[in-house]
Amino acid sequence: QNIVLGLTATYDFTESKLGAAGSSYGGEILSFKGQNRYSINFKPGYVITPSTMVYATVGYNAMSVKTSGYENGSSSTTSVSGIGYGLGLAVMATKNIFVKAEVQQVNFGSKTLFTYEDYTTSIKPNLTVGTIGIGYKF
């Protein structure tokens, strides 16, 4: 009776800075940005009081990685995916409206962006995502 199961889908409108790369002899620096991240999450929860629930979250995440800074000013985009996991707290504000706070660690898989002669550029992004939200309980 105290166990609640949930399923959510998210879309992130912000851009995440993922880092930069360059050569040790002063070559062109590349920058990496995460865009259009989305996720599908399973959220098992436990009701600790009639108005408060703690929950875990685990889910599939994917995003585009934009690489820019090539010598000719062009950019490229590729996709990465991975698993996210975290914890959250939801508190009922009214009979049907709740507020929530959640933190999630997302570990994406490694992706080779390009290879030139003996030089390979790969990226393996990781994000820590915090959210505060308002929801409706049906």
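In which strand is the place of Asn36?

Tutor: Asn36 has its place in strand E3, where strands are DSSP runs of E with at least two residues, helices are runs of H or I with at least four, and both are numbered from the N terminus. The model is a predicted one, in which local features need pLDDT of at least 70, side-chain atom pairs count only at pLDDT 80 or more, and totals for chains, interfaces and linings use all residues. Residues are numbered from 1 along each chain as its sequence is written, and side-chain values use heavy atoms, with hydrogens and water left out.

The backbone of Asn36 carries a phi near 55 degrees, a positive value in a residue other than glycine. With a relative accessibility of 38%, Asn36 counts as partly exposed; buried means under 20% relative accessible area, exposed over 50%, and partly exposed in between, with a 1.4 Å probe and protein chains only. Gln35 also lies in strand E3, which covers residues 30-49. Gln35 counts as buried because its relative accessibility is 19%. Beyond its neighbours within four places in sequence, Gln35 is in contact (heavy atoms within 4.5 Å) with Glu15, Met63, Ser64 and Lys66.

E3 is also one of the elements that give two or more residues to the lining of the largest pocket, to be described next. A pocket is found on a 1 Å grid over the protein atoms alone, as an open set of points where a 1.4 Å probe fits, with protein on both sides within 12 Å along at least five of seven lines; lining residues have an atom within 4 Å of a point. The largest pocket holds about 800 Å³ of space, a volume being the space filled by probe spheres set on the points. It is lined by 32 residues, of which Lys43, Met53, Tyr55, Phe98 and Lys100 are closest to its centre. Besides E3, the elements giving two or more residues are strands E1 (3-11), E4 (52-68), E5 (75-92), E6 (97-108) and E9 (126-136). The most comes from E1, with 8 residues. By class, the lining comprises 16 nonpolar, 10 polar and 6 charged residues; Ala, Val, Leu, Ile, Met, Phe, Trp, Tyr, Cys and Pro count as nonpolar, Asp, Glu, Lys and Arg as charged, and the others, Gly among them, as polar.

Met53 belongs to strand E4. Outside its sequence neighbours within four places, Met53 has contacts that include Val4, Gly45, Tyr46 and Leu89. Between the C-alpha atoms of Met53 and Phe13, 40 residues apart along the chain, the separation is 27 Å. At a relative accessible area of 38%, Leu89 is partly exposed.

The chain as a whole has 0 helices and 9 strands. Its radius of gyration is 19 Å, well over the 14 Å that the globule rule gives for 138 residues, so the chain is more spread out than a compact globule; the radius is taken over C-alpha atoms, and the rule is 2.2 Å times the number of residues to the power 0.38. The C-alpha trace spans about 60 × 20 × 20 Å along its principal axes. Of the 138 residues, 29% count as buried.
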